[in-house]
Every structure is written in C-alpha cells, then in structure tokens.
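This report concerns a ligand site and a sheet. Please consult the sequence and the structure shown here.

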Amino acid sequence: MIPAEFQYATPPTIPEAIALLQAHQDAKILSGGQSLIPALKLRLATPPLLVDISRIAGLTTLSEAGGWLHIGALVREADLEESPLVRSRYPLLHDTSHVVADPLVRNLATIAGNLAHADPANDHPATMLAYRAEVVATGPSGARVIAVDSFFTGLFATALAHDEILTEVRVPAPMAGSGGAYLKLERKVGDFATAGVAAQLNLDAAGRVQQIGIGLTNVGPMAIRARRSEDVLRGQSPSDALIAQAAALAQEDCDPTADLRGSADYKRNMVRILTMRALHKALERARA
Ligand SMILES: Cc1cc2nc3c(=O)[nH]c(=O)nc-3n(C[C@H](O)[C@H](O)[C@H](O)COP(=O)(O)OP(=O)(O)OC[C@H]3O[C@@H](n4cnc5c(N)ncnc54)[C@H](O)[C@@H]3O)c2cc1C
C-alpha cells in the first residue's frame, strides 16, 4: 500500500526537533524507518508530520566512559555488529544485533528506535532488561534518565512523552567475571522471534553468581524480566539443577499467545529450553 499523505521535516538540532514535536501533537519521530515505514505503508500509522532525526549531529556515539557503554540514538545495528568493542566486551549485545532481521534492515535500524518502538517481538528490550540498561530521554525541560525496568509500560508503549526523544542508551560496563548470551528461536533467518532469551551475569572469585539479569522476548505483551529465575541463581554456585529450576520458573512466568509461530504451550517450553541454553552459554563466557 501507499502511505497516507504526510509532511516531512529534517531538523538539524535536538531543540528544533523537540519544538516541532511540541507544535504537532500527532507528529512521529522517524529514525531508521524500519518499523515506522512499514506501519505507514500499511496505514497502521497516519501521522501528519514525520520529524526525521537522522541528520542531527552528535547522536552516533558508541564508546565506553564512566562505567557505561554509551549508544547514541543514531547508532545502527550494523555499527554494533561491526564494533570490536561490542564484540569483545558486550557479547550479549553483539549476539542480539546479529539476529535482528537481516543485513539490509540492520544497516538502517537503530537500537534507540528498537526500544522506542516497544514491540514485544523486538530483540533489544529483553537484552536491555538483562543488562539493567538505562535510556536518556531529552525533552523541552532537558534530559532525564530512565531505568529500562520502568521504560516499557505496555504493548508498543513506553515512558517517553510525546515531545521526548530517546537520545542515548546506556549499558553498564561489564565487571570482572561477566558473561552474557542471547538466544532466539526463529522460523527462518530474519524472522521475528518465536521466543528469545537474554542472560547476563557475573561470577565472584569463588564462582558464585553475583549479579544476574534474564529477559524474555515475544512471550508477553512486552519484554519480560524473569525475576524469579534470577533469584534462584543469585548468590549461588550455578549447578545444572539450579539452572533447570530457573528455566522452569521462566516457563511459568512468561505469558505467550498462540499464533502462526506456535501454540502458547510450545512457546513456554521453548522459553525453558532457551533459558537453560542462554545461562549455560553466559556462564561459559563468564568463565573464559
Ligand atoms: C523485514 C524486517 C524484519 C525485522 N526483524 C526484526 C527482528 O528480527 N528483531 C527486531 O528486534 N526488530 C526487527 N525489525 C524491526 C526493526 O528493525 C526495529 O524496530 C528497528 O530497530 C526500529 O528502529 P528504527 O531506527 O528503524 O526506528 P523507526 O522505524 O524510525 O521508528 C520506530 C518507532 O520508534 C520511534 N522512534 C524511533 N527512534 C526514536 C528515538 N530516538 N526517540 C523516540 N522515538 C523514536 C518512532 O517514532 C516510531 O514510533 C524488523 C523490521 C523489518 C522491516
């Protein structure tokens, strides 16, 4: 289909973009366009104005500073995939970018857009929950930091106000003994997840789990943090039995619906299997 008619603006600065959003209540931010353009073509969205932020300078940072990996709003999936820093120090993030869609989409899609879109089928929300990431929202009264735990508020819904731009994603720098992994079941390469699991943990000198995060993709109305599974492993030496127990709790705590990708029971079972595998892989990497 052809999108409905819309106006198009390319503000050169963040304040100008915010001013446009304030002046037009139904305007939409356009970034990589990989979710918004399909929605426009299907007329699921018919905004009268698109505020294209892709020409704003200063939003392509991808670097570590002050204990965080800073990911600017215009950093694209391909940037993460190709970054030696991300590959070596943030394997969970690298795994995640690598399985988002296909290379054509990854050349344009931004990580910030992936989170702002808040599609439960998107891969980064679960990963950011596992990392305990933060996002920076910039609006008319300046910037505020939102913990990712409070960022997703429902199906395609976030804590962002209409006139706020997600300007940065911050991932905590890994502590010693850290490892992470993202596993996704997909019908074919490039598909959205039937189910996905993100795991991030670190081990203390005695080999006990110090910090742990587990996020689940596409098995609920929004990405789910598997808190009970985390609690089972925190402070413990991770045995096969504890990992199986954590995985069984993730199976209980997810809330999938049946669709063309499978029944709810099948997806629940896949969450259990993927949680076990993701935890084993994260541990392997933490010990390496
Ligand atoms: C063929 C195909 C396959 C796909 N497969 C996957 C997949 O396997 N996994 C996956 O996770 N995703 C997948 N996607 C979805 C897409 O890759 C992500 O949603 C994408 O990362 C969105 O980012 P974007 O920069 O393209 O956002 P856009 O499409 O430009 O915007 C998406 C939404 O977020 C808002 N937005 C964007 N940037 C900001 C910002 N900085 N601040 C505030 N609001 C903002 C927009 O207003 C819009 O509502 C797929 C898409 C396609 C076309």
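The sections below treat the model, the ligand shell and the sheet.

## Basis of the model

The model is predicted: local features need pLDDT of at least 70, side-chain atom pairs count only at pLDDT 80 or more, and totals for chains, interfaces and linings use all residues. Residues are numbered from 1 along each chain as its sequence is written.

## Shell around the ligand

The ligand is surrounded by 30 residues, a residue being near a molecule if its C-beta atom, placed from the backbone, lies within 6 Å of it. Gly32, Gln34, Ala101, Ala109 and Gly113 are the closest. By class, 16 residues of the shell are nonpolar, eleven polar and three charged; Ala, Val, Leu, Ile, Met, Phe, Trp, Tyr, Cys and Pro count as nonpolar, Asp, Glu, Lys and Arg as charged, and the others, Gly among them, as polar.

At least two shell residues each come from strand 2 (28–30), helix 2 (36–41), helix 7 (111–117) and strand 10 (165–172). Helices (H or I, at least four residues) and strands (E, at least two) are DSSP runs, numbered from the N terminus. Helix 7 provides the largest share, five residues. Because domain 1 (7–52) and domain 2 (62–172) both contribute to the shell, the ligand lies between them; the domain bounds come from an automatic or database domain assignment.

Three strands form an open sheet in the order 1-3-2, with parallel pairing, where two strands pair if DSSP finds at least two bridges between them. Strand 1 (7–9) and strand 2 stand at the edges with a single partner strand each, so one side of each has no neighbour in the sheet.

Strand 2 pairs with strand 3 (residues 49–52) in the parallel sense over three bridges. Leu50 in strand 3 is the bridge partner of Lys28.
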